[in-house]
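Okay everyone, thanks for coming.

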Amino acid sequence: ETEAGLDQIEQRLDEIDRQIEDLENLLVAMPSTSLDEIEAVIGLTVTRFREIIVSDPDDVFYDHGEARLLSLIERVHEDLCGMLQRTRLDAS
């Protein structure tokens, strides 16, 4: 019973992963029409890079070039978020 339950959970997780991938593919295929949409795409990109890029210099898999790329993408995301927040505050 326990193993069957775990198999069902694993199948459900696989299904969710496929749905996420389908939504990401749709997002990539559609051009952004606003800064908020661009921010969402950059946010997703940062999240994905954080999942795959090792940023701890003590980790065996650490790569300075990859970590620097992540830092640059995070910086762009932070800058864009800050600009959008200021724009929203100015509009209120």
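Let's start with Arg 88, which is partly exposed because its relative accessible area is 45%. Buried here means under 20% relative accessible area, exposed means over 50%, and partly exposed is in between, using a 1.4 Å probe and protein chains only. Before I go on, a quick word on the model: it's predicted, so local features need pLDDT of at least 70 and side-chain atom pairs count only at pLDDT 80 or more, while totals for chains, interfaces and linings use all residues. Residues are numbered from 1 along each chain as its sequence is written, and side-chain values use heavy atoms, with hydrogens and water left out.

So, which residue does Arg 88 form a salt bridge with? The partner is Asp 36, and the closest N and O atoms are 2.3 Å apart. A salt bridge, for us, is a side-chain nitrogen of Lys or Arg within 4 Å of a carboxyl oxygen of Asp or Glu. Asp 36 lies in helix α2 and Arg 88 in helix α3, so this pair ties together parts that are 52 residues apart in sequence. When I say helix, I mean a DSSP run of H or I with at least four residues, numbered from the N terminus. Asp 36 is partly exposed too, with a relative accessible area of 40%.

How many salt bridges are there by this rule? The count comes to 6. Another one is between the side chains of Arg 48 and Glu 24, at 2.6 Å from N to O. That pair links distant parts of the chain, with Arg 48 in helix α2 (residues 35–52) and Glu 24 in helix α1, 24 residues apart. Is Glu 24 buried or exposed? Glu 24 is buried, because its relative accessible area is 18%, whereas Arg 48 is partly exposed at 35%.

Arg 12 forms a salt bridge with Glu 15, and their closest N and O atoms are 2.9 Å apart. Both sit in helix α1, 3 residues apart, which is about one turn of the helix. Arg 12 is partly exposed with 43% relative accessible area, and Glu 15 counts as partly exposed at 33%.

Next up, the surface. Leu 6, Ile 9, Leu 13, Ile 16 and Ile 20 form a nonpolar patch, with about 430 Å² of accessible area together. Patches are made of residues with over 30% relative accessible area and no salt bridge, where like charges are joined within 9 Å and nonpolar side chains (Val, Leu, Ile, Met, Phe, Trp, Tyr) within 5 Å. The areas come from the Shrake-Rupley method with a 1.4 Å probe, and for residues, only the protein chains shown count as cover. Ile 16, one of that group, is found in helix α1.

Finally, let's visit His 77, in helix α3 (residues 64–91). Why does His 77 count as buried? Because its relative accessibility is 17%. Not counting residues up to four places away in sequence, His 77 touches Glu 39, Ile 42, Gly 43 and Val 46, where contact means heavy atoms within 4.5 Å.

Conventions:
Helices (H or I, at least four residues) and strands (E, at least two) are DSSP runs, numbered from the N terminus.
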